[in-house]
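Student: I'm new to this structure and would like to learn about its pockets. Could you walk me through them?

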Amino acid sequence: MIFQSAKSLRGEVTIPGDKSISHRAVMFGSLAEGLTEVTNFLQGADCLSTIEAFRNMGIEIENTPEKILIHGKGLHGLQAPASILDMGNSGTTTRLISGILAGQPFESTLTGDASIQKRPMRRIMEPLSMMGAHITSIKGNDCAPLQIAGRPLHAIHYQSKVASAQVKSAVLLAGLYADGITRVTEPAISRNHTELMLRYFGADLHTEEKTAAISPNPHLTGQKINVPGDISSAAYFMAAGLIVPDSEILIHNVGINPTRDGILKVCRQMGGNITLLNVKNNGEPVADLLVKSSSLHGITIQGDIIPTLIDELPIINIMAACAKGTTIIRDAAELKVKESNRIDVMVQYLSAMGCDITGTEDGMIIRGGAPLHGTTVDSHLDHRIAMSFAIASLIADGETQIKGSDVVTISYPGFYEDLAGLMH
């Protein structure tokens with residue numbers, strides 16, 4: 001797909017449902033007894049992979065345009081899958097479902113696309129094995145495909161090496177099937193959607209500082225869930241509204257959970273004009289965001305804020321390229337093991353556009369302010385790379401071609417249409 005610069009962006013956009021929350025709604029609804037009704041569910045490829053996986057284990061899930069209806073069978077209601085469970089491109093599905101499958105009385109095999117088969121699974125295999133699970137990397141490389149033979153599980157207190165909601169969630173979900181209270185302590189607090197939603201379904205789960213603890217065998221009951229808009233998807237329109245001159249965008253119904261709102265803090269620290277309107281809290285805080293063109297300046301991004309914006313760092317790179325001065329990003333080595341090596345890919349293509357950017361072991365140094373020009377970008381089948389460079393193209397001279405641009409269907413099927421609707 002070919003993109004060109006925009007003179008201004010004006011209008012309103014409603015962001016699709018949050019990907020992390022949509023995944024969990026299907027998983028926890030399947031483990032609850034009775035009906036779970038989910039509105040504003042993200043109809044992206046990753047979340048559809050989660051639906052198919054639980055259908056494969058005997059859960060009836062109705063997917064209609066208005067809502068998802070999950071007919072849960074309780075904590076012990078899953079059946080042995082009729083075939084290999086295909087995770088598609090979804091790291092969330094792969095890692096969280098491993099925690100659930102570790103305690104089941106059957107064997108299962110998980111696989112996924114080429115990207116998933118390169119992503120590190122040792123980080124969940126290790127704690128789940130400590131609990132008594134039997135998980136094998138079929139190729140012996142600590143990646144999918146994974147073979148999981150369900151076993152009775154033991155409670156542990158796991159000191160996670162990384163601040164990862166996927167690792168934390170895998171252990172807590174296995175803890176539902178353990179013989180005591182399971183605890184996870186992180187080096188920094190990662191997104192807490194699992195804790196909030198499991199409690200909402202009826203789990204006995206407590207958090208204290210950087211530790212989450214869950215008791216086994218709760219009675220989970222079906223619930224109604226309205227999924228807030230995904231702040232990770234909103235981030236592209238936030239960035240676009242800030243960097244494209246003479247722009248004003250109203251973004252509706254965005255989740256602003258404090259474990260996810262690092263992008264808001266960074267935008268404001270860089271000088272971005274973003275106003276929160278209609279703030280509400282129904283379990284997950286949401287707001288409308290009014291974004292206006294701003295003169296941005298470089299900052300240093302590091303430490304505990306990194307887990308709250310790890311998925312937004314590619315688009316933050318684009319903002320930094322447009323900002324005056326130097327932006328330094330540290331403590332973000334996790335970028336290397338996402339859908340692509342996002343450090344290498346961002347450095348390669350921002351450099352090709354004329355940005356002065358240097359990659360480091362755990363981040364990058366971006367000396368902003370130079371004019372950008374169009375180039376050809378390979379998305380590396382990474383939705384966040386494709387969307388980030390679509391935004392970069394708006395302020396670049398000439399044409400920008402993005403190969404593999406349709407990969408955005410993973411998290412935001414209507415992204416290009418929504419972006420085009422704002423152009424003037």
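Tutor: Gladly! Let's start with a term: lining residues are those that have an atom within 4 Å of a point of the pocket. Keep in mind that this is a predicted model.

Student: Which helix gives the most to the lining of the second largest pocket?

Tutor: Helix H6 (193–201), strand E14 (224–226) and strand E16 (273–281) each supply at least two residues of that lining. With four residues, the top contributor to the second largest pocket is H6.

Student: How many residues line the second largest pocket, and which lie nearest its centre?

Tutor: The space in this pocket is about 370 Å³. Its lining divides into eight nonpolar, six polar and three charged residues. The lining has 17 residues, and those nearest the centre are Ile225, Asn226, Asn282, Gly283 and Glu284.

Student: What is the volume of the largest pocket?

Tutor: Here 39 residues form the lining, and the closest to the centre are Ser164, Ile310, Asp311, Glu334 and Lys338. The volume of this largest pocket is about 590 Å³.

Student: Which helix supplies the largest share of the lining of the largest pocket?

Tutor: Helix H1 (19–31), helix H3 (91–101), helix H5 (165–175) and helix H11 (383–392) each bring at least two residues to it. The largest share is four residues, and the helix they come from is H1.

Student: How many residues of the lining of the largest pocket are charged?

Tutor: Let's go through the classes in turn. Nine of the lining residues are nonpolar and 12 are polar. The charged residues of this lining number 18.

Note on methods. Residues are numbered from 1 along each chain as its sequence is written. This is a predicted model: local features need pLDDT of at least 70, side-chain atom pairs count only at pLDDT 80 or more; totals for chains, interfaces and linings use all residues. Side-chain values use heavy atoms; hydrogens and water are left out. On a 1 Å grid over the protein atoms alone, a cavity is a set of points where a 1.4 Å probe fits but cannot get out, and a pocket is an open set with protein on both sides within 12 Å along at least five of seven lines; lining residues have an atom within 4 Å of a point. Grid points are joined across faces, edges and corners, and a volume is the space filled by probe spheres set on the points. Ala, Val, Leu, Ile, Met, Phe, Trp, Tyr, Cys and Pro count as nonpolar, Asp, Glu, Lys and Arg as charged, and the others, Gly among them, as polar.
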